[in-house]
Amino acid sequence: MRSSLTIVMHPADLDPTPRSGTDRGRFLCFSPDAAVVLRETGAEVLEASDILSSCSHARTLIRSDRILSLVDERLSDAGWHPGDVQSVRLFLFYLLPPVLLIRQCLNSLSDDHYTLLKNGNPEHVGPAAALLERLAQDIARGFDALLPSSDYSDVHARLALWINRIILWRLGKRPHLLQLDLPTPFTSRVARTIAEGRNDAAILSTGHPGKTILATLRRGLRSIRQAPRKPDASKPVRLFRASMRRPAGSLELSLPTPLTNDPDLDRILAPVLAHYLPRLLKDCRAGADLAHALTPDLLVLDHLIQPSVIRAERDLAAKGIPSIMINHGSDTAQDTPVSNLGATFWARHGRVNAPSVKHLFCKSPLTAPLAQKAYPSAPAIHAIEVGKRYSRRPKDGAPFQIVMAGNYRIAEEHVPWVTELPGEFLHGLLEFARAAARVDAVKLVIKIKPGKTGLPLDWLRQELTNPRYAGRVMVDTQTPLGRFFETMDLLVGNNSATIQEALNNRIPVFLNTLRRHYHHVPARMIPPTSDDRAPAYAVRHLSDLPGMIAALRDCHQTPLSDREIEGLVWTDAQVAAGTAFLHAFLDRRDQPDYKGGGRNGA
């Protein structure tokens, strides 16, 4: 008899919720908030987090890395531009791990027919290959945010490019600092610090054309008026990344066949690649056209994930333009083989370093060794701090406050090994909460970002009213996380810049995950004593949690000392040296690779 399974990715797909009785069936859920709703109907529910294991995640990671390396090699051998190769690789980085993860789940089951529930409507898609092809389309839509919001016309592109020329003419020969994407808090900070050293320096950013010609014209006129004014890092002069359509018959790139050496996977990916490749390559051309049109004094980079940004960075680097990059997130080097591969795999895709980066500002000293693993280059390393320093409030007899601010990613955004699925995060959260509830004089606050999907918050709040938690555990979605830095004694997390921010504030961290196979920073596995403490902790076994929490409560009543956090945070002198370097950057005319000075092409 043929067996059937219904796939549910999100709770929104249960609207309207299937009724009990005749509508009951077997469901595979990739989100625990959907699983909770279905169980209330009496349905038989499987959760992806219960099927997968550390071995599953390792296989997804290794397979993804090998396929992307193969694609990289084949595109390079076919003569593709390095920026275009990296853009295709980045697209597959977002697509492959979720597809491979879901395929592993399906391979663990014996069903031969699948139904996909979307917005309450069942889609009978057939065998696993057909389901994966359908899901690949949904996963790929996450890449839409990195491409222009509309397929702008040649008239629209011509307007954007003419606005660029007017802006560059209005800027004249002033030094130009170019943020290749829209400003982030870190690129704004770096650009502002550099401009303070040269008051005449202009701060630029780039973005896609607007959704309409009128929107582009409005944005362009603002930048034209703004160009001669004093630089403002929070509102930089904005150029457009736009490209004209190529004449009919011009050379168009095509993907090698086979692409991955996995025939089934090639068939799954083919429709998605056919849809996205023309859009992706058009955006790459926009980056090439931007790089041809101007010669800034400096590139300021953060997250290199948009095709036009990647291509512009490669082409401007080829023109000899120096660059400063701030690492995205707080990725750190690892000392075990699979964790090392996982950290490098993520860092390689726009987060840490790029082939021609000359100066890398790292948010953690542990990021610096990862830079050369991501790319075989050797940028100069500088210090920059994430977050800010907070003043501690007096405890006044309050319980030992633990704040859990862990991180997870939904299945469609899965990064193998390093991040957790929502179900894995929830299981690990409950394990820690049950252990903390057994320890006197402890209060655990589970901090969840407002609007973050994946967790059944109402169910979780109800669960925490159970007497087993002794009223010591609560969920908070409203209080800004920064306010907790004034009162918390311990941060519980996984893979997040918040871990580095806690260490910067001399707050110890506990690394909590369900699988316990990845540690964001080096962690001590034995409890502290009053005269032997560490900045970061973890446990190998669930049974070790209560004893570890009790020891942390007893021994970490005071902030970490500078000696205790040595090597995990930048010193004040290192941060000051980084700031001084930025102040003097535009006056460093002795740099052998320095070019610029406002020389803009036509």
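**Close-up 1. A nonpolar surface patch in the predicted model.** Look for L221 within helix α8, which covers residues 213–226. L221 counts as partly exposed because its relative accessibility is 41%, a value between the 20% limit for buried and the 50% limit for exposed. As a reminder for this view, an α-helix has 3.6 residues a turn, so residues three or four places apart point the same way.

**Close-up 2. The open seven-stranded sheet.** Follow the strands in the order β8-β7-β6-β9-β10-β11-β12, paired in parallel. At the edges sit β8 (237–240) and β12 (380–383), each with pairing on one side only. On average, and ignoring direction, neighbouring strands of the sheet are turned by 25 degrees against each other.

**Close-up 3. Strands β6 and β9, with helix α7 packed on the sheet.** Three bridges join β6 (residues 176–179) to β9 (residues 298–301) in the parallel sense. Within this pair, Q179 stands opposite V300 of β9. Helix α7 (residues 185–197) packs on the sheet and touches β6, β7 (202–207), β9 and β10 (323–326). The direction of α7 makes about 175 degrees with that of β6.

**Close-up 4. Helix α17, mostly covered.** Of the eleven residues in α17 (545–555), nine are buried. They are L545, P546, M548, I549, A550, A551, L552, R553 and C555. Around them, the packing partners include the strands β13 (400–404), β14 (442–447), β16 (490–493), β17 (509–511) and β18 (536–537). Helix α13 (422–436) also packs against the buried residues of α17.

Methods
Residues are numbered from 1 along each chain as its sequence is written. This is a predicted model: local features need pLDDT of at least 70, side-chain atom pairs count only at pLDDT 80 or more; totals for chains, interfaces and linings use all residues. Side-chain values use heavy atoms; hydrogens and water are left out. Two strands pair if DSSP finds at least two bridges between them. Helices (H or I, at least four residues) and strands (E, at least two) are DSSP runs, numbered from the N terminus. Axes are lines fitted to C-alpha atoms, for helices over the stretch in contact, and angles run from 0 to 180 degrees between N-to-C directions. Contact means heavy atoms within 4.5 Å. Buried means under 20% relative accessible area, exposed over 50%, partly exposed in between (1.4 Å probe, protein chains only). Patches are made of residues with over 30% relative accessible area and no salt bridge: like charges are joined within 9 Å, nonpolar side chains (Val, Leu, Ile, Met, Phe, Trp, Tyr) within 5 Å. Accessible areas come from the Shrake-Rupley method with a 1.4 Å probe; for residues, only the protein chains shown count as cover. A salt bridge is a side-chain nitrogen of Lys or Arg within 4 Å of a carboxyl oxygen of Asp or Glu.
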